[in-house]
Every structure is written in structure tokens, then in C-alpha cells.
Amino acid sequence: MNKKEQNLRKQICDIGKNLFNKDFVAANDGNISARLSENEILATPTATSKGYLTPDAIVKLDLDGNILEAKEGVKPSSEIKMHLRCYKSMQNCNGVVHAHPPHATAFAIKGEVLDKATMPEVVIAMPKIPLAKYGCPSTEEIPDSVEPYFNEYEAVLLENHGALTWGKTLMDSYFNMERLEYIAKLTFITREIDGERELPKERIDELIELRPKYAK
């Protein structure tokens, strides 16, 4: 096993622990994957708490979902189909995270897109979090529902389900999940105090002009 694979396996475990400790997942919920090579990915196993992952439990697959390497009796997450669709459809996608962060999932259950320009960080980094229509887990319905948002967004709410994020690196995909939940949490809190307000249009336009600078 080369150094890159060792590092990715460990990073998947670290991210799993972060998701668990932040209450972004409960019990065996959620799944994480990372691109290892052009046609290989590493993914979390099914029926395993993300807070207690070990590097040797991570499964290696090809982009058709065939298991290339796994411990005896260990299978990849049953929701691997949406991960595979991300990698097949986006060449620059190198990490995918699926979780159920409470505030974001509440908006997914409500069926609401998060698109209010409330903070500079929101306008620059994640101005809109779209809502992918409901799909039955473990089927092609979820990949079909999220694919329209590829290459334009890096995070979507999954209607009545949770959230899915992806990125140019595995850490990017995890940070996108953190940002998504932070936006949802702030939206919830400000509504509790009747304080949700958007920035003035001229200030929003100003921030939009700054996006290329921060994207480098």
C-alpha cells in the first residue's frame, strides 16, 4: 500500500470521527469516499459508526462499484451509488461526504433551499445550497436527483434525507459539509430572533466581484 492510500484511509477515519463528534451523524449513518486514482476510490464500509472507523476497514472499489479490496465480510456503504456518480460525472471531484447534520437536515425535511445573502462568507463561498428532490436510498434515484447540480455547486440538501457535499480534495468536501451546516444553523438561529436579513444588493454585487480572488 503506497503512502497516498495510507494517508487517504487515515483521513477518511479522521473525518468520520469529526462528523460523529459534531453530531452530523448518528449510529451508523453517513458515508465518506475519496478518489485514489482515475478509476479507484476508497469508501467507508456499511453498518459501521463513522466515529469508530479504522483504516483497514475502508473498502477499495472501481468506478463501476466493483470491490477491489476489502476485509472479509466487509462491504461498502449501501449508498455508494451517489458517490460513484459524483466521480464519474466530475473529473475534478476527489472527495464526497454524505451526512445528516441536524440544522441542514431540518431544512431538507422542510424542503427549503438555502439562498439568502446573509454574510460575506456565504455570498463568496456558498451563495446557494439547492434542494435535490427526494430519492430512495441505495437506488439510482438519489444520483439522478443530485446530478443536475454537479459542476455548479459543491453542496446539496437531499430532500427528507440529509446533505451531500463534494470537492477538489477530500478535506474540501468535508469543509463544504461544515459550511453547509453552519449556514443552516445561523439561518435557524436568526429566524428564532426574527433577525434574518440579507445584505444590500450593492454590497452583494461587491462580494460577487471578489469571488475570483478567493477561488484561487
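**Pockets, aromatic pairs and local geometry of the predicted model**

The lining of the largest pocket comprises 16 nonpolar, four polar and eleven charged residues, where Ala, Val, Leu, Ile, Met, Phe, Trp, Tyr, Cys and Pro count as nonpolar, Asp, Glu, Lys and Arg as charged, and the others, Gly among them, as polar. The structure is a predicted model, in which local features need pLDDT of at least 70 and side-chain atom pairs count only at pLDDT 80 or more, while totals for chains, interfaces and linings use all residues. Residues are numbered from 1 along each chain as its sequence is written, and side-chain values use heavy atoms, with hydrogens and water left out.

The volume of the largest pocket is about 1000 Å³; a pocket is here an open set of points on a 1 Å grid over the protein atoms alone, where a 1.4 Å probe fits, with protein on both sides within 12 Å along at least five of seven lines, and lining residues have an atom within 4 Å of a point. Grid points are joined across faces, edges and corners, and the volume is the space filled by probe spheres set on the points. Of the 31 residues that line the largest pocket, I124, A125, M126, P127 and E154 lie nearest its centre. Two or more lining residues come from each of α4 (120–125), β8 (162–167), α6 (170–192) and α7 (201–215), helices (H or I, at least four residues) and strands (E, at least two) being DSSP runs numbered from the N terminus. Among the contributors to this lining, α4 gives the most, with five residues.

The second largest pocket has a volume of about 180 Å³, and its lining consists of T118, M119, V122, I183, L186, T187, T190, G195, E196, R197, E198 and L199. In this case α6 gives the most to the lining, with four residues, and the division by class is five nonpolar, four polar and three charged residues.

Four aromatic pairs are present in the structure, a pair being assigned if the ring centres of Phe, Tyr and Trp (its six-membered ring) lie within 6.5 Å, with planes under 30 degrees apart counted as stacked, over 60 as edge-to-face and the rest as tilted. One of these pairs joins F20 and Y52 in an edge-to-face arrangement, with 5.6 Å centre to centre and 70° between the planes. Because F20 lies in helix α1 (residues 3–21) and Y52 in the loop between β2 (40–43) and β3 (59–62), the pair ties together parts that are 32 residues apart in sequence. F20 is partly exposed at 25% relative accessibility, whereas Y52 is exposed, with a relative accessible area of 62%; buried means under 20% relative accessible area, exposed over 50%, and partly exposed in between (1.4 Å probe, protein chains only). A further pair, formed by Y174 and F175, is tilted, with 5.8 Å centre to centre and 50° between the planes. Of its two members, Y174 is buried, at a relative accessible area of 2%, and F175 is partly exposed, at 43%.

Helix α1 also holds K17, which is partly exposed, with a relative accessible area of 44%. When neighbours within four places in sequence are left aside, K17 is in contact (heavy atoms within 4.5 Å) with K50 and G51. The C-alpha atoms of K17 and H98, 81 residues apart along the chain, are separated by 14 Å.

In helix α3 (residues 102–110), the residues A104, T105, F107 and A108 are buried. They cover an arc of only 160° around the axis and so lie on the same side of α3, the arc being that of the directions from the helix axis to the C-beta atoms. The buried residues of α3 pack against β6 (131–132), β7 (155–158), β8 and α6, while I109 and K110, on the other side of α3, are exposed.

Just after α3, G111 takes a positive phi of about 85°. Positive values in residues other than glycine include that of A27, with phi near 50°, and that of S138, with phi near 75°. A27 is placed in the loop between α1 and β1 (31–37) and is exposed, at 54% relative accessibility. S138 is placed in the loop between β6 and α5 (141–146) and is partly exposed, with a relative accessible area of 31%.
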